[in-house]
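Let's look at the ligand site today. Here is the model.

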Amino acid sequence: MKTLASHLTGAWIAGDGPAATLVNPTTEEPIAVAHGRGLDFAAALAFARDRGGPALRALTFAERGALCAALAKAIHGAREELIALAVANGGNTRGDAKFDIDGAAGTLAHYGELGAKLGAVRVLADGEPVQIGRTARLVGQHAWVPRPGVAVLINAFNFPAWGLAEKLACALVAGMPVLCKPATATALVTHRLVEIWAEAGILPAGALQLLVGPAGDLVDHLRAPDVLAFTGSSDTARALRGHARVVAESVRVNIEADSLNAAVLAPDVELSSEAGALFVADVTRDMTQKTGQKCTAIRRVLVPRARIADVVDALKERLAGIVVGDPSRDDVRMGPVATAQQARDVRAGIARLAAATREAFGGSGEVSPLGVPAGKGFFVGPVLRTTDDARGCEPMHAHEVFGPVSTVGAYDGDAHTAAAIVALGQGGLVASCYSDDRDWLGRFVTEAGGWNGRIYIGSEKIAAMSAGPGTALPQLQHGGPGRAGDGAELGGARGLALYMQRVALQGDASLLKALTS
Ligand code: NAP
């Protein structure tokens, strides 16, 4: 069986100690192992700081952007191979796998272009210079420079390619070397990506290292200018944020965690309209794409009370057409969840919801997957629950069920009521609302905006061209307050800030101008 080595201090190192086994979630067959012991994290971090950091800081933004563009190109060259790995190790359908892999390539390409736009400079101006002396000769200029440490990127199991790329692109263009750690259970895609990039010799030594397997004492070796960028569950996030070393050294931390994303139908939208069809399509896609294992997926659906039966009927009709089974088959639309633990967690989440809601579709997730031997695989079918009282349904707002599960709840149609119910999720990555009523939207966005990192407005005029709320775009911020971790990634040039230090420069106006242009 394949052993996944880590790529540390310039070499592939297999490690030792107990093996973590990666399995195919469709067949439950083991496909690879990883060993997390016997890896010298202190040396790896030093290698990044001493070799990777100086090499990247010697480059301009444009040159670092070119590295991202080359990484994106290398993904295109290996696309089919990566898709096959995502199907085997992640339970992805081909469409799910493309979403992850093309998302990674697109994000890297976007940051390639951004680096080129920032140009042949190493110091980035932040705003305009301000006069601080008697004459305009003496000015102050805020500026961004790379943090002289290492960015440790810890990712969740659901996006082994895109999850890495969105952090990596920002860190590299900013000028920080990276040590990445994918979730062990689905590490095959990340491992192969790093292997492909290493074989292509794109990056300077020390600019990208890979840990496959448990984190061990990695975090104990972080220090002041380092960055810890984490995506995963709130529980792990809490432990990392409070880690003694992180606190003592003021290591900069960015958290992307759980989110109970809501979709709100406003009273002005008829289901038969284009905006209404968009709403139904978005909810269906988010429930079933990647088997609901998207941090941005719609978990809560708020519908004016009088329309709830129509909405439930429309969603039931769509969900009935989702074929669940072996994701390598072309006729299958939804595969298994990624791990046995995931399947147990999702079923426990359905049971919690069942205690407070009515069944609308899918029972407790039992399904007979197409093309899979009986009893095999981590399958949970799409499950839709419903309640007449969205505000009073506590489990709907309290627990993220990370699978193909959503709850439709009734509200009174008022924008402020909808925003207040959205806020019961205690902070989310994205909320979507479907309306063409400017007054309703203004009231909703003002109240709900503070609880969400992004608000997606589905309306008549954009219905035909929308990718839906579940796609994290490199141009727009990804991350949200509260439960979602209060982090921020992407957002074009804003995404670089995590990996850079803002420094206020004071001096001669022409000298400062030369430094930043
Ligand atoms: P997880 O169990 O918290 O694991 C996330 C990552 O943290 C994995 O790489 C894991 O490694 C690592 N890890 C676990 N314990 C650690 C420790 N003590 N020190 C350092 N690293 C540690 O989360 P998950 O099950 O993979 O992901 C599901 C969750 O991620 C969901 O709640 C979802 O909402 C969230 N998510 C959020 C976003 C977002 O952008 N906000 C995106 C995707 C997913 P091992 O695999 O080796 O244990």
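How many residues surround the ligand, and which are the closest? There are 25, and the closest are Thr 184, Ser 233, Thr 236, Asp 258 and Glu 400. A residue counts if one of its heavy atoms lies within 4 Å.

This is a predicted model: local features need pLDDT of at least 70, side-chain atom pairs need 80 or more, and totals for chains, interfaces and linings use all residues. Numbering runs from 1 along each chain as its sequence is written, and side-chain values use heavy atoms, without hydrogens and water.

Now the polar contacts, pairs of N or O atoms within 3.5 Å. Thr 236 puts a side-chain N or O atom 2.6 Å from a ligand oxygen. For Glu 400, a polar side-chain atom is 2.7 Å from an oxygen of the ligand. His 478 also has a polar side-chain atom 2.7 Å from a ligand oxygen. The protein covers 78% of the 910 Å² of accessible area that the ligand has on its own (Shrake-Rupley, 1.4 Å probe).

Next, the shell by class. Twelve residues are nonpolar, nine polar and four charged; Gly counts as polar, Tyr and Cys as nonpolar. Domain 1 (2–257 + 488–516) and domain 2 (261–475) each give the shell at least three residues, with bounds from an automatic or database assignment.

How values were computed. A polar contact is a pair of N or O atoms within 3.5 Å; within protein, one must be able to donate a hydrogen and the other to accept it, and residues adjacent in sequence count only if both atoms are side-chain atoms.
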